[in-house]
Amino acid sequence: DAGADDGGGGAGIVDGAGGGGGVVAPGAGPSRHVLGVRRTHERLATGSAPARMLIEGVEGIFGRMRARTADLFWLGSNPFWSGTPLEPLFRSLRWGAAEVVYLLLGVMTDQKVLLHSSDPSVLLPAAQALRYLLLPLAHSATYIPYLPYTLMSVSDAATLLNDSTSPYLIGVHSSLLSALGHAGHAIAPEVIVADLDKGDVRPAFLDAHMDAFPASAAKLETTAPPAAALARRLSAVCTPDRFSETAVQACCLAFVADVLSIETGYLADSPHAGDAVALQKWRQLLAFEEDVRLRCERDSAVRPHAPLLKAKLRESLSHSLAAVCEQATHGLSMSNTRSRPVAPFLALIYAAKAFREWWVHAGRLRPEMRMCLRYKEHQLNLADHLTDHKRALLAVERDLFGDVFLGERQEEPGGADGEPRAPSGGGKSEESTSGLGWR
């Protein structure tokens, strides 16, 4: 039993459920959390009615979960299913699409991203939403959705947040930032800080070699035209009155697909001369890689090692791609061009660990995700495609929830009138395949 701390002393007695059997453990008083929450721990007497009910309930749930292992695995491994909703992230940022895109770019390009809020329950869904919107890329940096205040000293927290040599996505309570300020430990300027209470995003001030990264959410257009286009598309589907989770996912998936699809994406579509040079050099590198691989496969002495060599060649291609895009506009005048080059911005993404890992393991993608990445080739409407997928996922999710946790089968998802649920923020929202994680 947990309740807000009223400032008084003493331990509250917890009554056993179902008429007796529950007693407060000797010497186990309430544990005071730094957020002002008092918890009283209850020990159920062995053989009591509440203890038997608890054991039977847990055993029943686990038994039904074992019987539905295949469905649970299919649902959890499906790339279009998320255990958390996307709406809390946008609501916390006051529906600011540019701010969401700026945070997304920070996670994609191996920046240090710090989320803070006075409500810890906001941090996990916001952090998870950022990771989910990267699909099919996987966030591989340090990830701590909620760093408790009491886990380490203020000086240790300052060392972690300011002196970390690796990128991270960390969520903290706002009081930790206040404590850091009182102790003289200001957050380093290269850290992107998002205040989920006010909806503000403090941009990162990076070194000169990172000048292709947007200076702020308001300056996406000048340095990252693809990101600015994404922000405009998201603005149309993310408002307090109407939030479409499927449309948000479709917009972000199309953005990532155009980043990853070099021959049909942003780099190929750009009219800028520097981007054309980068694409030409990339094609030359691909031809060189193929020539080397074929020569090795034809050589009897080298042929046994060809699979290892192929993997190494592919890994080196990802590094070469970032270098080609970074150097594409060197020596070119920008004063007489009407369009901004996208290659320097793409170079930041191609140099990040998330892209390099995806590039090496791209052959392991599930067929449905591979089809989405080639949506232009298949003339696929991603919003409609994802809607169909989510209907099937939601049907399985509702059935699993009813069978596993309620012990009963449920009907097709939707209310009595078939209408989707409304978001907690007040506006209308479509159905979300995130029930198992939040019920």
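Two strands count as paired if DSSP finds at least two bridges between them. The close-ups below come from a predicted model.

**Close-up 1. Strand 9 and its parallel neighbour, strand 6.** Strand 9 covers residues 191-195 and is mostly covered, with five of its five residues buried. V191, V193 and D195 point one way, while I192 and A194 point the other. Strand 6 (residues 112-117) runs parallel to strand 9, and five bridges join the two. Look for V113 here: its bridge partner in strand 9 is I192.

**Close-up 2. The hairpin of strand 9 and strand 10.** Strand 10 (residues 200-202) runs antiparallel to strand 9, with three bridges between them. A194 sits opposite V201 of strand 10. Four residues lie between the strands of this hairpin, and G199 takes a positive phi near 80°.

Close-up 3. R68 forms a salt bridge with D71, and their closest N and O atoms are 2.9 Å apart. R68 counts as buried because its relative accessibility is 8%, whereas D71 is partly exposed at 30%. The pair also belongs to a network of salt bridges that links R68, D71, D399 and D403.

Close-up 4. R91 and E87 meet through their side chains, 3.3 Å from N to O. Both lie in helix 3 (residues 87-92), four residues apart, or about one turn of the helix. R91 is partly exposed, at 27% relative accessible area, but E87 is buried, at 4%.

**Close-up 5. The R374 and E377 salt bridge.** Here the side chains meet at 2.7 Å, N to O. R374 is partly exposed, with 38% relative accessible area, and E377 is exposed, with 55%.

Definitions and conventions: Residues numbered from 1 in each chain as written. Predicted model: local features only at pLDDT ≥ 70, side-chain atom pairs only at ≥ 80, totals over all residues. Heavy atoms only, no water. Buried < 20%, exposed > 50% of the residue type's maximum accessible area, 1.4 Å probe, protein only. Salt bridge = Lys/Arg side-chain N within 4 Å of Asp/Glu carboxyl O.
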